[in-house]
Amino acid sequence: MSTDEPEVMAVRHLDEQVVESEHVVSSQPPLYKVLLLNDDYTPMEFVVHVLQRFFGMDRERATVIMLKVHNEGVGLAGVYPRDIAETKVYQVLDFARSHQHPLQCVMEENR
């Protein structure tokens with residue numbers, strides 16, 4: 001069932017023969033932006049590699065996002081449900097640390 005469709009719940013009271021229906025709208029879980037932050041030490045090529053490896057971007061798209069991070073201080077890597085966003089942040093931070101880069105990756109609610 002699509003989460004955009006209202007769910008119909010019916011209640012029947014046998015002693016009174018009353019039938020009630022209630023429309024419940026299922027809301028989407030909040031989504032979170034995964035953001036990469038600029039620093040003065042992480043090589044641009046490493047950021048491109050991270051975007052390709054963990055966010056499934058092709059080289060051209062990853063380069064565009066890397067340049068946004070470099071020029072504007074922050075770049076959007078993707079928007080995900082909370083658990084996936086948390087995992088992406090952890091993976092990027094762990095990978096960067098294992099390669100001795102201070103790359104920062106954070107998440108914030110997508111409003």
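## Contacts and overall layout

Among contacts in the protein chain (heavy atoms within 4.5 Å) between residues at least 6 apart in sequence, 60% join residues at least 24 apart. The model is predicted: local features need pLDDT of at least 70, side-chain atom pairs count only at pLDDT 80 or more, and totals for chains, interfaces and linings use all residues. Residues are numbered from 1 along each chain as its sequence is written, and side-chain values use heavy atoms, with hydrogens and water left out.

The protein chain contains 3 helices and 5 strands. These are DSSP runs numbered from the N terminus, with helices being H or I of at least four residues and strands being E of at least two. Along the sequence, their pattern is β-β-β-α-α-β-α-β.

## Surface and burial

The protein chain has an accessible surface of about 7700 Å², computed by the Shrake-Rupley method with a 1.4 Å probe, where for residues only the protein chains shown count as cover. Carbon and sulfur atoms account for 52% of that surface. Of the 111 residues in the protein chain, 28% count as buried. Buried means under 20% relative accessible area, exposed means over 50%, and partly exposed lies in between (1.4 Å probe, protein chains only).

## The nonpolar core

In soluble globular proteins, nonpolar side chains tend to be buried together. A nonpolar core is here a set of buried Ala, Val, Leu, Ile, Met, Phe, Trp, Tyr and Cys residues joined through side-chain atoms within 4.5 Å. The largest nonpolar core has 24 residues, and V34, L36, V50, L51, F55, V92 and L103 have the most contacts inside it. Two or more residues of this core come from each of strand 3, helix 1 (44-55), helix 2 (59-72), strand 4 (74-81) and helix 3 (82-98). Helix 1 gives the most, with 7 residues.

F55 shows which residues meet in this region. Leaving out residues up to four places away in sequence, F55 touches V34, V50, A77, Y80, K88 and V92.

## Salt bridges

A search of the whole structure finds 5 salt bridges, each a side-chain nitrogen of Lys or Arg within 4 Å of a carboxyl oxygen of Asp or Glu. One of them joins the side chains of E108 and K33 at 3.4 Å, N to O. E108 lies in strand 5 (residues 104-109) and K33 in strand 3, so this pair ties together parts that are 75 residues apart in sequence. E108 is partly exposed at 39% relative accessibility, and K33 is partly exposed at 22%.

Another salt bridge links the side chains of R82 and E86 (3.1 Å, N to O). R82 and E86 are 4 residues apart in helix 3, so about one helical turn separates them. R82 counts as partly exposed with 44% relative accessibility, and E86 likewise with 38%. The side chains of R111 and E109 also form a salt bridge, at 3.9 Å from N to O. R111 is exposed, with a relative accessible area of 84%, while E109 is partly exposed at 33%.

## A nonpolar surface patch

L31, L76 and V79 form a nonpolar patch on the surface, and together they have about 210 Å² of accessible area. Patches are made of residues with over 30% relative accessible area and no salt bridge; like charges are joined within 9 Å, and nonpolar side chains (Val, Leu, Ile, Met, Phe, Trp, Tyr) within 5 Å. L31 belongs to strand 3 (residues 31-37). With 35% relative accessibility, L31 counts as partly exposed.
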